[in-house]
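Walk me through this fold. Start with the charged pairs, then move to the helices.

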Amino acid sequence: MKRAVCPGTFDPMTNGHLDIIERASAIFDEIVVAVALSPDKGGGPLFPLEERVAQAADATSHLPNVSVLPFDSLLVDLARQVGATVIVKGLRAVTDFEREFQMAQLNYRIDHEVETMFIVAIPEYMYLSSSAVKEIAGHGGSVQGLVPDNVNDRLVERLRGGR
Ligand code: PNS
């Protein structure tokens with residue numbers, strides 16, 4: 001039984017994230033999508049943690065071997081807690097590389113028993129990011145097709161001033 005974690009802030013989950021999770025779920029027996037609290041990222045997340053978890057659970061409900069958990073700890077500690085030996089991350093353009101390389105090195109230093117593996121983004125999602133999605137939606141642009149439908153509905157609501 002090989003279990004992997006797919007961590008991220010997922011503020012919000014994009015179709016790029018979802019593509020990586022779907023591809024990882026075809027490789028591993030079980031995937032735990034780990035949604036980080038990340039209170040300081042980008043001036044604080046748009047969506048509260050519970051909502052990001054609910055959005056991710058809804059977007060991955062078609063994948064029977066995927067579960068979603070919140071976390072606010074070291075990622076390797078969460079991996080140990082859930083019995084995962086692999087961290088799966090998506091890699092887009094070279095701009096991701098330095099940060100991801102640093103995180104992979106540090107995680108390996110903290111816990112040699114957890115390996116990081118990367119799945120390369122498909123060209124369609126190479127330049128897609130949660131922050132770009134929020135910027136487009138924030139200016140009234142459409143992000144349909146860039147995020148799961150449930151996320152699209154919530155983004156429109158939230159950025160129109162709703163809670
Ligand atoms: O989607 P993101 O914001 O790029 O995800 C980053 C995340 C949540 C994977 C990363 O910040 C993380 O692992 N946070 C948990 C704290 C931790 O373990 N830090 C040590 C690794 S440098």
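Does Glu-100 count as buried or exposed, and at what relative accessibility? This is a predicted model. Glu-100 counts as buried, at 8% relative accessibility. Its side chain meets that of Lys-89 in a salt bridge, 2.9 Å from N to O. Lys-89 lies in strand E4 and Glu-100 in helix H4, so the pair ties together parts eleven residues apart in sequence. Lys-89 is buried too, with a relative accessible area of 14%, because the cut-off for buried is under 20%.

Helix H4 spans residues 94-110 and also holds Phe-101. Phe-101 counts as partly exposed, at 42% relative accessibility. With Val-94 and Phe-97, Phe-101 forms a nonpolar surface patch of about 330 Å² accessible area together.

The whole structure has nine salt bridges. One of them joins Lys-134 and Asp-11, 2.8 Å from N to O. This pair links distant parts of the chain, 123 residues apart: Lys-134 sits in helix H5, Asp-11 in the loop between E1 and H1. Asp-11 is buried at 4%, whereas Lys-134 is partly exposed at 24%. Glu-113 and Arg-80 form another salt bridge, with closest N and O atoms 3.4 Å apart. Glu-51, Arg-154 and Glu-157 are linked in a salt-bridge network.

Now turn to helix H1. Eight of its eleven residues are buried, among them Leu-18, Ile-20 and Ile-21. The buried residues of H1 pack against helix H2 and strands E1, E2, E3, E4 and E5. At the start of H1, a side-chain oxygen of Thr-14 comes within 3.1 Å of the backbone nitrogen of Gly-16.

Key:
Residues are numbered from 1 along each chain as its sequence is written. This is a predicted model: local features need pLDDT of at least 70, side-chain atom pairs count only at pLDDT 80 or more; totals for chains, interfaces and linings use all residues. Side-chain values use heavy atoms; hydrogens and water are left out. Patches are made of residues with over 30% relative accessible area and no salt bridge: like charges are joined within 9 Å, nonpolar side chains (Val, Leu, Ile, Met, Phe, Trp, Tyr) within 5 Å. Accessible areas come from the Shrake-Rupley method with a 1.4 Å probe; for residues, only the protein chains shown count as cover. A salt bridge is a side-chain nitrogen of Lys or Arg within 4 Å of a carboxyl oxygen of Asp or Glu. Helices (H or I, at least four residues) and strands (E, at least two) are DSSP runs, numbered from the N terminus. Buried means under 20% relative accessible area, exposed over 50%, partly exposed in between (1.4 Å probe, protein chains only). Contact means heavy atoms within 4.5 Å. A polar contact is a pair of N or O atoms within 3.5 Å; within protein, one must be able to donate a hydrogen and the other to accept it, and residues adjacent in sequence count only if both atoms are side-chain atoms.
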